[in-house]
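Dear colleague,

My findings follow directly after it.

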2 protein chains.
Amino acid sequence: MTEIPTLDPPRRVLMGPGPSGADTSVLAAMGLPLVGHLDPEFIRIMDECQEMMRQVYRTGNEVTLATPGTGTSGMEAAVMNLLQPGERAIIGICGYFGERISQMASRTGAEVTIVTAPWGSPVPPEAIERELRAGPTKLVAIVHAETSTGVLQPVETISALCKEHGALLLLDCVTSLGGIPVEIDAWGVDAAYSGTQKCLSAPPGASPLTLSPAAWSAIQAREAPSNSWYLDLGLLEAYWDSRRAYHHTSPISMTYALHRALALVLEEGLEARWQRHENNGRALQNGLEAMGLVLHADVEHRLPVLTTVRIPEGIDDGTVRGALLNRFGIEVGGGIGELRGNVWRVGLMGESSTAGNVLLFLSSLGRLLREHGFEADVGAALDVAAQGLAS
Amino acid sequence: MTEIPTLDPPRRVLMGPGPSGADTSVLAAMGLPLVGHLDPEFIRIMDECQEMMRQVYRTGNEVTLATPGTGTSGMEAAVMNLLQPGERAIIGICGYFGERISQMASRTGAEVTIVTAPWGSPVPPEAIERELRAGPTKLVAIVHAETSTGVLQPVETISALCKEHGALLLLDCVTSLGGIPVEIDAWGVDAAYSGTQKCLSAPPGASPLTLSPAAWSAIQAREAPSNSWYLDLGLLEAYWDSRRAYHHTSPISMTYALHRALALVLEEGLEARWQRHENNGRALQNGLEAMGLVLHADVEHRLPVLTTVRIPEGIDDGTVRGALLNRFGIEVGGGIGELRGNVWRVGLMGESSTAGNVLLFLSSLGRLLREHGFEADVGAALDVAAQGLAS
């Protein structure tokens, strides 16, 4: 490096699998002056974050905190603390993030049983039930909103099965929280984590996590400490609860952003926010089909916040995504895992879920597809989409 | 909560053990628009961060990255990846953070040998040597700047001993990097990690980490994966190197802050920055002694960036720290571990290391001590300090 580099990131319309766009007030919150991580005023900000996280998760769980890392840190905290060597875990896998949970679970020394479904469908409760009957199980883990496939996993039947068989239920809410209904207490979920950069629309860097009393008791009853010290939930809780025992230096600016983002969610209202995501997501999906494209996820389990659309034959993945980015400033995601090269992943999360973004994306994609020989019906797409957009 | 809370953190003079104050341009960087974590423009920003981290660490190490968490995440990444079950580690402990390393090392299943020194002195090389002679050792870990005691640990003799005995050397640079000389290559350090919120003066939330080719080979030669998936250095490196394999969603805004903070360090120049910290730190220490107070750390091993000063008899720790915060807006740290209630920890790190802060602190502390019956010689303190301040 001959010169000291300057910093000037481009302006993007963030319609990939995350990060989503953040409200200017959330970005501005990160620029507020730093305070100490044990400053009484910062403790108050943490307490307010905690209470807002409970509201967004729809839970009264005492143990509710944000792990100091991205959504994957929440996944690791949950898995590493809930599982001990030799304990049995059933992991539902119908996409990339279920696989990730199983990889983490394997590192705990637990006995990992996987239950799979095609990438595009949810995990069937009957398959989970079969494995629950096969032997005593500590934990069942499923992904609520599979970011790799755009599939919504129904939770309530599996939760009832877990209760029946004495297993704890872990729910990955990375892409669902703040965008679609999440009801931790009503559904009987024992542990959940999320990310900030999806439907909560803050920058990545913290993971809201909540534990039921049963999950917390299980962690406190561990015979040996968890594999992780950084993400040891006993140590993290001792900092978040009234003991305020030093464990790590809280990511101060990230906590400011989380605070402001959670406040925005509550200001909009959870039901209104879910409806906005629903309307815009369905408008996008109807528009894509009207354009002549095929959606990948099962029609009855499509997420409104993340849509997987199949790349038409003869169209080059990288060329189109590159042109979306470079000519229109729009980021969408490519496929990952089994779906690499087969689908685009289009996010409409948080601040990015707007009527304007739906129309902008449909018109930009349609134009590019036409340039590359696919006869996209852009007029029909925009017309159909416009009818369903969130007002 | 009846109302949705607003966010208005107070303005503080941050003179504790971290976070230090951040330059306004670093805070402003966090407010820049978000981009995707695989956006070519973001990849460029990561590459620039990597090259600047190499310069600040004075290393040519290919494997140089920032772990997605606070300084403790860097500690955990280093310890969990470098140690395998049954391998022997020698951990030098002369304060809280050495203890923390040994706790993490114990969770890897390694055979942990500790070498201790009084809290106020560095670990003597002879004690490390004795243990190196006692049996084959994979890793020696020491803390360069013990934030709990204010002690500087000399590195070069211990590094030479490690080479002689075929052990890797891990150096905790959380409080040293950017404030006092750190010479990874010249000293022959194999692995090092730091924090952003100390002498680099960015918010907490990322941990610059570097590995020598020998350390990287050792990690690649592991028989089983590390305990941690989130902080698996093989997976992290696959994202930071040209493979750009998805692992986690990079903390985008934090990376912006790191970029700007590293640029500020290089703009100032490392030698000039070290000198500034040296001058201000010595001025503070001379001033405190002139006031009639006793410094805790051995005189020949005092850090300029973090000073431990003994609380005089009859003075209440919490009362004085509370008044510093509430009346003067100054945060300093209390003692931790063995030194709880016995010392104050006064940081002069990064942007917080200014002549004004030295004088403000001496005058504020002196005034409070007098109010509580300790005859502080404030005039002498300010006079002595003023002679040594960084211009």
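The contact between the chains of this predicted model draws on 65 residues from chain A and 65 residues from chain B. On the chain A side, five helices each supply at least two residues: H1 (24-30), H2 (40-57), H3 (71-82), H4 (96-107) and H10 (252-268). Of these, H10(A) gives the most, with nine residues. Sorted by class, the side of chain A that touches chain B holds 33 nonpolar, 21 polar and 11 charged residues.

How are the two copies related? Chain A is superposed on chain B by a rotation of 180° with 0.0 Å of shift along its axis, at an RMSD of 0.0 Å. The two copies are therefore related as by a two-fold rotation axis. The residue of chain A that comes closest to this axis is A:Gly69, whose C-alpha is at 2.5 Å. Both copies use the same surface, as 100% of the contact residues of chain A recur in chain B.

As to confidence, the predictor assigns the complex an ipTM of 0.97 and a pTM of 0.97. For chain A, the mean pLDDT is 97, and 99% of the residues reach 70 or more.

Within chain A, the domain assignment gives domain 1 (24-267) and domain 2 (270-388). The C-alpha centres of domain 1 and domain 2 of chain A are 28 Å apart. Across the boundary between them, 24 residues of domain 1 of chain A are in contact with 23 residues of domain 2 of chain A. The domain 1 side of that contact has 12 nonpolar, 11 polar and one charged residues.

Chain A also contains an open sheet of seven strands with mixed pairing, in the order S2-S10-S9-S8-S5-S3-S4. Strand S2 (63-67) and strand S4 (111-116) of chain A are the edge strands, each pairing on one side only. On average, and with direction ignored, neighbouring strands of this sheet are turned by 15° against each other. One of the pairings joins strand S8 (residues 168-172) and strand S9 (residues 191-193) of chain A in the parallel sense, over three bridges. There, A:Leu171 stands opposite A:Ala192 in S9(A).

Which helices pack on this sheet? H4(A) does, touching strand S3 (88-93), S4, strand S5 (139-143) and S8 of chain A. The direction of H4(A) makes about 160° with that of S3(A). Helix H6 (residues 156-165) of chain A also packs on the sheet, where H6 touches S5 and S8 of chain A. The direction of H6(A) makes about 155° with that of S8(A).

Finally, some points of backbone geometry deserve a look. The peptide bond from A:Gly18 to A:Pro19 is cis, with omega near 5°, and A:Pro19 lies in the loop between strand S1 (13-14) and H1 of chain A. In chain B, the peptide bond from B:Gly18 to B:Pro19 is likewise cis, with omega near 5°; B:Pro19 is placed in the loop between S1 and H1 of chain B. A:Arg58, a residue other than glycine, has a positive phi, near 55°. This residue, A:Arg58, sits in the loop between H2 and S2 of chain A.

With kind regards

Notes
Residues numbered from 1 in each chain as written. Chains lettered and ligands numbered in written order. Predicted model: local features only at pLDDT ≥ 70, side-chain atom pairs only at ≥ 80, totals over all residues. Domains from an automatic or database assignment. Contact = placed C-beta atoms within 7 Å. Nonpolar A, V, L, I, M, F, W, Y, C, P; charged D, E, K, R; others polar. Helix = DSSP H or I, 4+ residues; strand = E, 2+ residues; numbered from the N terminus. Pairing = 2+ DSSP bridges. Axes fitted to C-alpha atoms, helices over the stretch in contact; angles between N-to-C directions. pLDDT = per-residue confidence, 0-100. Least-squares fit on C-alpha atoms with pLDDT ≥ 70 in both.
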